[in-house]
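Hello,

Here is the structure we talked about handing over. Please have a look at it first; my notes follow below.

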Amino acid sequence: NDKVPSKIYVECSFHLFNVILGAVKIFAGIGLLRMAGWARVTTFIVAGITIVATIAHSAYSAIFIIPVFDEVLANQLKNAPPMPFDFAGIMQGSMWASVLMGIVFALAIWLTVIFLLSGAKVRAAFAAAASGSPGEEEEEERPRSRYEGYDDEGDRPPPAPKSPGDTGITDRS
């Protein structure tokens, strides 16, 4: 903390920002499930902000935190007994790997979301939901009359048989 006094402020700010951004992500996700047009645009914005924030936090770690960690580790290992493996190298490698994997995972997840929400079918589905016009899928799901497709009354099938008078069922709601 003495070598990087800003670390506590940067980390706390980053985590608070991520909590707020997480709430926005949940809100946008619910909007996506409800096919709200604003949610698609909000998700694009959230994806961009998340990618930039992840890269910025990783850059901060690479520039300020990792060099100080390496220095502190080197000072600690001066007095340590010899080890059969390069402990410092493993620690340095794991820190760099975690920074790079954080960036790779953020890019993989959010670029996939952007790709999936950018498709022509998805844009059309959100446009249809926003306009209130039924899409092709809604047309297929609506209940059809048993008489649909018959031109004359004489060609229609007979009406469905009526149920017996008293079935014991009193509530038909």
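**Glu11 and its surroundings**

The side chain of Glu11 makes a polar contact with the side chain of His57, at 3.0 Å. Please keep in mind that this is a predicted model.

Glu11 lies in helix H1, which covers residues 7-33. Setting aside neighbours within four places in sequence, the residues in contact with Glu11 are His57 and Tyr60. Which side chain of opposite charge is nearest to Glu11? That is Lys7, 4.6 Å away. A salt bridge needs a side-chain nitrogen within 4 Å of a carboxyl oxygen. Glu11 has no salt bridge, although Glu11 is buried.

Glu11 is listed with Phe14, Leu21, Ala28 and Gly31 as buried in H1. What do the buried residues of H1 pack against? They pack against H2.

**The aromatic pair with Tyr60**

The structure holds 2 aromatic pairs. One of them joins Tyr60 and Phe64: the ring centres are 5.2 Å apart, the planes are at 45°, and the pair is classed as tilted.

Both residues sit in helix H2 (residues 37-78), where being 4 residues apart separates them by about one helical turn. An α-helix has 3.6 residues a turn, so residues three or four places apart point the same way.

**Helix lengths and what follows them**

H1 has 27 residues and should span 39 Å at 1.5 Å a residue; its end C-alpha atoms are 38 Å apart, which agrees. Just after H1, Met35 has a positive phi of about 60°.

Helix H4, residues 120-131, has 12 residues. From first C-alpha to last, H4 reaches 16 Å, close to the 16 Å expected at 1.5 Å a residue.

**The protein as a whole**

The secondary structure consists of 5 helices and 0 strands, in the order α-α-α-α-α from the N terminus. Of the 173 residues in the protein, 18% are buried. Among contacts with a separation of 6 or more, 61% are between residues 24 or more positions apart.

That is what I have for the handover.

Regards

How values were computed. Residues are numbered from 1 along each chain as its sequence is written. This is a predicted model: local features need pLDDT of at least 70, side-chain atom pairs count only at pLDDT 80 or more; totals for chains, interfaces and linings use all residues. Side-chain values use heavy atoms; hydrogens and water are left out. Helices (H or I, at least four residues) and strands (E, at least two) are DSSP runs, numbered from the N terminus. Buried means under 20% relative accessible area, exposed over 50%, partly exposed in between (1.4 Å probe, protein chains only). Lys and Arg count as positive and Asp and Glu as negative; His and the chain ends are not counted. A polar contact is a pair of N or O atoms within 3.5 Å; within protein, one must be able to donate a hydrogen and the other to accept it, and residues adjacent in sequence count only if both atoms are side-chain atoms. Contact means heavy atoms within 4.5 Å. Rings of Phe, Tyr and Trp (its six-membered ring) pair if their centres lie within 6.5 Å; planes under 30 degrees apart count as stacked, over 60 as edge-to-face and the rest as tilted. The expected span of a helix is 1.5 Å times one less than its number of residues.
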